[in-house]
Amino acid sequence: RKTAEQARQDLMVLDEVDRVVVTSDATRALLVSHGVPRAHVETIPCGIPADPPDGTAVDAARLAAHLRARGWSVVGCIGSIDANKNQRLLVEALARPDARGVAAILVGEGGEAMAELARGLGLGDRVHAVGYQPDADRWLPAFELLVVPSLTEGQGLAPIDRKSTRLNSSHVA
């Protein structure tokens with residue numbers, strides 16, 4: 001959504017730096033097609049596994065099965081929990097009367113505020129903030145629906161299958 005002038009200025013800045021780090025080969029190809037020297041662009045894939053702090057891994061299938069046993073459909077949201085990612089919208093939507101049969105799992109660091117909001121709305125048993133999870137893509141099969149309520153998203157990582165780097169659209173809404 002940039003103007004031609006904004007794009008020109010961005011390229012001028014990129015010409016002044018020694019190295020540009022991008023998260024995908026597609027972004028690298030785009031920059032190269034706009035004149036950024038290929039040798040100056042380095043791709044570091046989004047799916048690099050990080051070592052989580054001890055004890056942070058949660059069993060996705062077990063939690064989802066527990067929620068379904070209570071009669072709820074399970075929706076999920078993956079990403080650092082902050083104002084731009086807008087998980088608040090999802091939590092507040094669950095307070096609506098027509099959402100009584102839905103539970104949510106929030107995967108990402110910073111979920112304490114959303115868990116507190118959920119408790120304040122009487123949803124403490126239906127909203128589960130599980131914190132940072134290694135290989136968050138393994139949570140996708142646990143959800144009936146992946147919710148991405150971000151206000152802006154340059155390259156949404158949650159629906160990308162890091163093994164194939166193709167969009168997994170079967171769970172995205």
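The secondary structure here comes to 5 helices and 8 strands. Those are DSSP runs, numbered from the N terminus: helices are H or I with at least four residues, strands are E with at least two. From the N terminus on, the order is α-β-α-β-α-β-α-β-α-β-β-β-β.

Some ground rules. This is a predicted model, where local features need pLDDT of at least 70 and side-chain atom pairs count only at pLDDT 80 or more, while totals for chains, interfaces and linings use all residues. Residues are numbered from 1 along each chain as its sequence is written, and side-chain values use heavy atoms, with hydrogens and water left out.

Now the overall numbers. The protein has 173 residues, and 31% of them count as buried. Buried means under 20% relative accessible area, exposed means over 50%, and partly exposed is in between, with a 1.4 Å probe and protein chains only. On to contacts, meaning heavy atoms within 4.5 Å. Take contacts between residues at least 6 apart in sequence: 65% of these join residues at least 24 apart.

Next, helix H4, residues 87–94. Which residues of H4 are buried? Gln87, Leu90, Val91 and Leu94. Looking down the axis, they fall within an arc of 95 degrees, so they line one face of H4. That arc is taken from the directions from the helix axis to the C-beta atoms. What do the buried residues of H4 pack against? Strand E3 (73–78), strand E4 (102–107), helix H5 (112–120) and strand E5 (127–131).

Let's take the H5 partner. Two packed helices are described by the angle between their axes and the distance between the axes. For H4 and H5, the angle is about 20 degrees and the axes are 10 Å apart. That makes H4 roughly parallel to H5. The cut-offs: under 35 degrees is roughly parallel, over 145 roughly antiparallel, 65 to 115 roughly perpendicular, and the rest oblique. Axes are lines fitted to C-alpha atoms, for helices over the stretch in contact, and angles run from 0 to 180 degrees between N-to-C directions.

Who meets whom? From H4, Gln87, Arg88, Val91 and Glu92; from H5, Met114, Leu117 and Ala118.

Asn86 counts as buried, because its relative accessibility is 16%. Its phi is near 60 degrees, a positive value in a residue other than glycine. Most residues other than glycine have a negative phi. Beyond its neighbours within four places in sequence, Asn86 is in contact with Pro149, Ser150 and Leu151.

Last stop, helix H2 (25–33) and the loop between H2 and strand E2 (41–43). Leu31 lies in H2. Leu31 is buried, at a relative accessible area of 15%. Not counting residues up to four places away in sequence, Leu31 touches Leu14, Val20, Val22, Val36 and Val41. Leu31 and Leu14 are 17 residues apart in sequence, and 9.3 Å apart C-alpha to C-alpha.

Arg38 is in that loop. With residues up to four places away left out, Arg38 touches Arg28 and Val32. How far apart are the C-alpha atoms of Arg38 and Arg28? They are separated by 7.8 Å, with the two residues 10 apart along the chain.
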